Amino acid sequence: MKPAAFTYHRARSVSGAVGLLAELGDDAKVIAGGQSLVAMMNFRLARPEHLIDIARIPGLDTIVREGDALRVGALVTHHAVETADLGPDFRVLSEAMRWVGHLPIRTRGTVGGSIAHADATAEWCLLAVLLDARIVVEGPAGRRSIPAEEFFQGVFTTALEPDELIVEVEFPRPAPRATLTEFAERQGDFAIVAAAVDPDAPRVVLGGVAQVPLRVPAAEAVLAAGVAVAEVGEAAAAAIDVRDEPGASAHYRRALTRTLVTRACEEARTR
Amino acid sequence: MSEIQLVELTVNGERHDLAIEPRRTLVDVLRHDIGLTGTHVGCEHGICGACTVLVDGAPVRACLVFAAQVEDADIRTVESLAEPDGTLSDLQREFSAHHGLQCGFCTPGFLMLAEGFLAERPDATKEEIREVVASNLCRCTGYQTIVEAVDACAARRRSG
Amino acid sequence: MTREPRFDRTGRWVGASVPRREDPRLLAGRGRFVDDIALPRMLHAQFVRSTIAHGRIVAVDLGEVRAVPGVVAAFTAADLALGDITALLDRPPHEFVPTAMPVLALEKVRYVGEPVAIVVATDPYAAEDGVEAAVVEYEDLDPVVTDTAALADGAPLVHAEAPRNTLVDVSLFATEGIDDVFAQAPCVVRVRTKTGRQNALPLETRGVVAAWDDRDEQLHVQTNTQVPHQVRTVLAGCVGLHEKQVRVTVPDMGGGFGQKCVVGREEIATAAAALRLRRPVKWIEDRRDALTAAFLAREQRYDVRAAFDAEGRILGLDADVVCDMGAYSCYPFTAGIEPLMASAEMPSVYQVPAYRVRGRAVTTNKAPTAPYRGVSRPQYVMVVERLMERAARELGIDPVEIRRRNLITVFPYTGVNRITYDPGSYRESLDLCEQVLHDEGWYDVRARAVREGRVIGIGYSCFSERTGYGSGAFAQRKMQVVPGFDISEIRMDVSGTVSVTTGTMSHGQSHETTMAQIVADRLGLDIARIKIVQGDTDRITYGWGSFASRSITIGGSAVAAASGKLGEQLREIAAHLLDADVDATELDGDGGVRLRDDPARRLSFAELADVAYLRAHLLPKGIGPGLTASASFDVAGDGTFSNATHGVVVELDPGTGGVQILRYVCVEDCGVAIHPQVVEGQCRGGIAQGIAGALFEQVTYDDAGQPLAPSLMEYKVPTAAEIPDVAIHHLETPCAFTANGAKGAGEGGTIGAPAAVLNAVNDALRDTGVELDDTPIARETVHRALESALENAHV
Ligand SMILES: Cc1cc2nc3c(=O)[nH]c(=O)nc-3n(C[C@H](O)[C@H](O)[C@H](O)COP(=O)(O)OP(=O)(O)OC[C@H]3O[C@@H](n4cnc5c(N)ncnc54)[C@H](O)[C@@H]3O)c2cc1C
Ligand code: FES
Ligand code: FES
């Protein structure tokens, strides 16, 4: 389990990184915290010939409150968010971090890396869709900002072009009552099913039941109606389209969805 | 074999100039290029935690970091804990007193995990300690005595 | 609650939880594990492994491999021409079919991950580059992936010589009239269960450093094995050296749990490469290989019936056991290890008057198996404990009470399986365990739970664990290589300090401390002056290593006996020098010999050693120079049985099927605990592994035999968040024939946990009509059980 050989590049600026990406093409990959990428490289499931280390690009590791919005730099680590004082408006971000792997993963793994990696059960991906985040990316043609729902396109695939870099994730509105909960057999594992709700938006987002973090409008409508929380869970369970897979049947995923959405709503109501 | 890169690492306060392939992970460089074999390898995919070291004070999986990424960071390994004359640190002594190690293979990882965590959270409760101890795997102890050792160390440090 | 020890302890070391002597170096990161070893000009090996489960090797092309930068050599089986590894039982052909395990696959591959070629390079990265460049052409054969497929009519054969893919098939005991017993019994219950394949998963993977030493004219193999002498024998045979030309030493070991108590093919191949290249070669198994290609264990299927009378007394057991041993027989135990253990010992702690068992080992296209901590006992104990609970339910008897009615209480007890059980505290441990859970209020919690809408259950397991299998006990298994005894040699040096050899091999069990405690008491010498020597075939005459909880019982007894002999020598010399009768002398407990009636007249060991070595002319007639002694120990009878009761409280989450252990109580009796803290450590660690088997871990394959759990993401070793604290209570029934009254303590935790957890889960499910017998218990299965009960309640 040793990675294949590569050439190491250290980017000093966003434009430098983007330039390298454009120049080196498909053989190049960005490395941020490396907590997904290095594991895949050790299994030789990823074998970039060039690795562009963006970790030292200045200015990408800040969390800034701007009016209603919170702008989280791509290089901000999970642990930095976990320990940041984001106030009641964005506490869901800090709280959700305890579900991301374990402390030594969180000290290096980054927000930008999680979003770019686009695991459909990753907490950051759920949170981005839950809070209508905009993913700010920069490429040779300059910056653009992509709504989270459009950003995630399929299994580990996103709207990011190969020569683009995520520079920031912008959370446009406070979500003081938003919550996230999930279920796995073992602490720190990726969830079998994860559920996030924001009663104020309203939003119901699921991880583990589709190829991307999934918004469930049918459940959002029930949530907006302010009826019993169990009905929101029921609506979410009824709305999803899941198949039997080794380790978890469709029926079970639906049941977990029902339970977790209900519990997330219960938690939200206490706020 | 690919090209060789010059990498400068600071480990336990000591500087090392290395000419290595960039694909070498930090844990392999610590163990095999620098000769600090106290840090162990148990999985090379981030789950077991046997390779946990401190990078700028924070516990990190040394198998998921390339040495080239952590130039001019302050890296600390298990070898930094005891005094040069071999006197064990308070944390190490608690591990021994509570029988928090059997084969000892996981131990350096747990020590560095706890060292980094307690530095940031000296007031951690036992439940919080348990949650952090859950970051690493131990196949021998059943964890209880590791949790107890870390908790006892934290308590002792708090009481001065 | 600890009962007052009944055993007469004369010394101050045995029984004390002294600081472990292993700790300082391990804590400081100064241990020496196999991957810490670096030798000049050392090379690194990795293996080209089969990518298919079953096939004929058509061609192996290593041309490209040898061209990879950094690769120094690459060898196939044909290049190295090594002998096979073959483990044998002395049983007739209808009971046992011998099969050979080649060091590298030659004609056929039989599992994904089977080594086909070895690549040797200047560093492990380049070795892996080399492995990627290998081209192996296979002709696919249909794989046999499950035990049922293996036994099916017309199944493809994993080994041509083994019809019906059956390596071992024994029918034992068959008490006369057993069919009538079942026909007439008022209550017959049945358990059919399948237990998941597991990986013992020592945190340190397997590894070896081998180097030919021209000066010693020896191949020096440093390997993390539990059985160094057996590795030497097999290695010498495979590469064609005399045993004296092979030295096996064992560095610090990061656990083993049985996975390292068999001879590995990779350690032989690596040594052969070192021999061929005349350069040191290291192989360190990576975790993917450790999860897919290392020795596995525990995949068994049981169909067992038990007959009871109306009062809940067991009348008979009728069992069929099929163990899926994977592709090969392991050395030295053979594929018989699991079925023979289960067949011999299934009656467990109960007075079973009639017994019949058929035990089979089938071969499949999966990685082979080795003994894993507990060996079959976690499984059959689970089956027997489920049978007890099921009968209790059928007969309306309390599950603890039904056990009480059946436990062996009069010792020694010779069972229907012809094994004689030495005294234990079977009944007492159960009573105490139940009492603890009552006193702690868990029965109230369970009662309240129903009202509170919580789902809580309590479960127990009672079991004993045979420890200290002597040669006689292993011979009953009809192994052709019969482990059992141990030899210890003790040597006192000029300064009066001693080094003591043991043929056992600590890999986490603290023998450097506990063996030294035994010596310390025998000689009356501070443990700081005692060095334990293990894991070196040049320094140790012969040993069987560490497995089957044999180390303290057998190895410790040998160490004690050798120490005793040295003590006699010291007294003889002292008597002569003090001009007294030997009978008038005694060891003074403080590193010297004194006169019993005149304690001021004393000679320290250093003074005696000074005479023995430096002024030998002063020695009494008939005593030669030097201070050495050796002794061996074997267990004549059936070994000694440790025992325990585990009590578990679980809570189930109806919303997710989640299983949380609220309380775990273990009442154990391993005779005299040499080091109580170490015993507790063994219990806790064992229980964690047992819980892992009950609730978390499983090695799975797809229909083509491809492993589905190649990483620790899928193979779910539980963490501190899942493993509960364990409250341990000790009872002490000393063993009558081991040196210190000690019984083995290495495996009990693992044996008792699955049964107790499963029973607790089933107790929690008591109102659902669902009973779960398979492990690991899937959360989805728990969820479905609770869900169906809810639905039924609503209609
Ligand atoms: C044991 C373990 C458990 C884990 N558990 C969880 C979990 O429960 N939940 C969870 O969400 N995650 C989990 N992770 C993954 C972890 O959160 C990663 O940190 C995260 O997925 C990726 O962030 P990174 O900075 O480490 O990215 P890297 O690994 O460096 O990169 C990941 C991918 O993103 C690309 N990339 C990185 N940064 C950028 C950028 N700024 N712009 C464009 N592309 C970029 C890389 O090229 C690469 O393809 C776990 C990881 C491990 C090892
Ligand atoms: S070796 Fe790094 S986490 Fe296991
Ligand atoms: S002490 Fe052996 S793995 Fe933890």
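Chain C has an accessible surface of about 26,000 Å², with 49% belonging to carbon and sulfur atoms (Shrake-Rupley method, 1.4 Å probe; for residues, only the protein chains shown count as cover). The model is predicted, so local features need pLDDT of at least 70 and side-chain atom pairs pLDDT 80 or more, whereas totals for chains, interfaces and linings use all residues. Residues are numbered from 1 along each chain as its sequence is written, chains are lettered from A and ligands numbered from 1 in the order in which they are written, and side-chain values use heavy atoms, without hydrogens and water.

Of the 795 residues in chain C, 67% are buried (under 20% relative accessible area; exposed is over 50%, partly exposed in between; 1.4 Å probe, protein chains only). The chain contains 21 helices and 30 strands (DSSP runs numbered from the N terminus: H or I of at least four residues, E of at least two). In helix α20 of chain C (residues 748-764), 17 of 17 residues are buried.

Two cis peptide bonds were found in chain C. One joins C:Tyr331 and C:Pro332, with omega about 5 degrees; C:Pro332 lies in the loop between β16 (314-324) and α10 (337-345). C:Thr334, in the loop between β16 and α10, has a positive phi of about 75 degrees without being a glycine, and is buried at a relative accessible area of 0%. Another cis bond links C:Phe411 and C:Pro412, with omega about -10 degrees. Most peptide bonds are trans, and most residues other than glycine have a negative phi.
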